[in-house]
Amino acid sequence: EVASSWYTLGQINEWKGSHQQALEWYQKALDLRRELGKPQYIAEAQVGAAGVLMKLNRPWDAELLLREAVEIRGRLLRPGNWLLAVTESRLGGCLLAQRRYADATPFLVRSDPILRKQQPTAEIQEALQRLPELRRYFR
């Protein structure tokens, strides 16, 4: 599928550090996936684009995409699903970047125990650092 190729080009550019190009590819993939009405793939592209927006220091823009991705994955996946938990953790991290600690708390508290049961991939390890980061703000 064309949208999957565009998504992959977004990933490649992100890995290379070409964040603006990555964002453009993720956006193309997102637009086509919306047009095709494929919610699980829409959420995937939103999470990819949001990650790049965070790297571009645009957490407010990332938040909009992540909230929609959480909503989509919340409808499609069972509570306790690791992919939903990772998405919630990313949203929590986005809110931390905006210094909205109270808003971040439920997402991080809910996702943390689910992610602790997963294999420790880089993405999971990054997510597991967010709750301790939040706790530092409440000391």
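# A chat about Asn13 and beyond

Visitor: Which residues is Asn13 in contact with, leaving aside its neighbours within four places in sequence?
Guide: With those neighbours set aside, Asn13 is in contact with Ser18, His19, Gln21, Ala22 and Trp25. Contact means heavy atoms within 4.5 Å. This is a predicted model, in which local features need pLDDT of at least 70, side-chain atom pairs count only at pLDDT 80 or more, and totals for chains, interfaces and linings use all residues. Residues are numbered from 1 along each chain as its sequence is written, and side-chain values use heavy atoms, with hydrogens and water left out.

Visitor: Is Asn13 buried or exposed?
Guide: Asn13 is buried, because its relative accessible area is 7%. Buried means under 20% relative accessible area, exposed over 50% and partly exposed in between (1.4 Å probe, protein chains only).

Visitor: And where is Asn13 found?
Guide: Asn13 is found in helix H1. Helices (H or I, at least four residues) and strands (E, at least two) are DSSP runs, numbered from the N terminus.

Visitor: Which residues touch the most other members of the largest nonpolar core?
Guide: In this core of 30 residues, those are Tyr26, Leu65, Leu66, Leu91, Leu96, Leu108 and Leu134. The elements that give two or more residues to the core are H2 (19-36), H3 (39-55), H4 (59-76), H5 (82-97), H6 (101-116) and H8 (130-137), each of them a helix. H3 gives the most, with eight residues. A nonpolar core here is a set of buried Ala, Val, Leu, Ile, Met, Phe, Trp, Tyr and Cys residues joined through side-chain atoms within 4.5 Å.

Visitor: What does Leu65 touch, not counting residues up to four places away?
Guide: On that count, Leu65 touches Leu30, Gln46, Ala49, Ala50 and Leu53. Another core, of seven residues, lies apart from the largest one and has Val86, Ile114, Leu115 and Leu128 among its members.

Visitor: New topic! How many aromatic pairs are there?
Guide: The count is two. Rings of Phe, Tyr and Trp (its six-membered ring) pair if their centres lie within 6.5 Å; planes under 30 degrees apart count as stacked, over 60 as edge-to-face and the rest as tilted. Tyr7 and Tyr26 have ring centres 5.3 Å apart and planes at 55°, so this pair is tilted. Tyr7 lies in helix H1 (residues 2-16) and Tyr26 in helix H2, so the pair ties together parts 19 residues apart in sequence. Both Tyr7 and Tyr26 are buried.

Visitor: Why is the pair of Tyr101 and Tyr137 stacked?
Guide: Tyr101 and Tyr137 count as stacked because their ring centres are 4.1 Å apart and their planes are at 20°. Tyr101 is in helix H6 and Tyr137 in helix H8, so this pair links distant parts of the chain, 36 residues apart. Tyr101 is buried at 18% relative accessible area, whereas Tyr137 is partly exposed at 37%.

Visitor: What lies over the face of Trp6?
Guide: That is Lys28, at 4.6 Å from the ring centre. A charge sits over a ring if NZ of Lys or CZ of Arg is within 6 Å of the ring centre and within 35 degrees of the ring normal.

Visitor: Last one: what is phi of Asn57 near?
Guide: Phi of Asn57 is near 60°, a positive value in a residue other than glycine. Most residues other than glycine have a negative phi. Asn57 lies in the loop between H3 and H4 and counts as exposed, at 61% relative accessibility.

Visitor: And phi of Arg99, what is that near?
Guide: Phi of Arg99 is near 65°, also a positive value in a residue other than glycine. Arg99 is in the loop between H5 and H6, and at 60% relative accessibility Arg99 counts as exposed.
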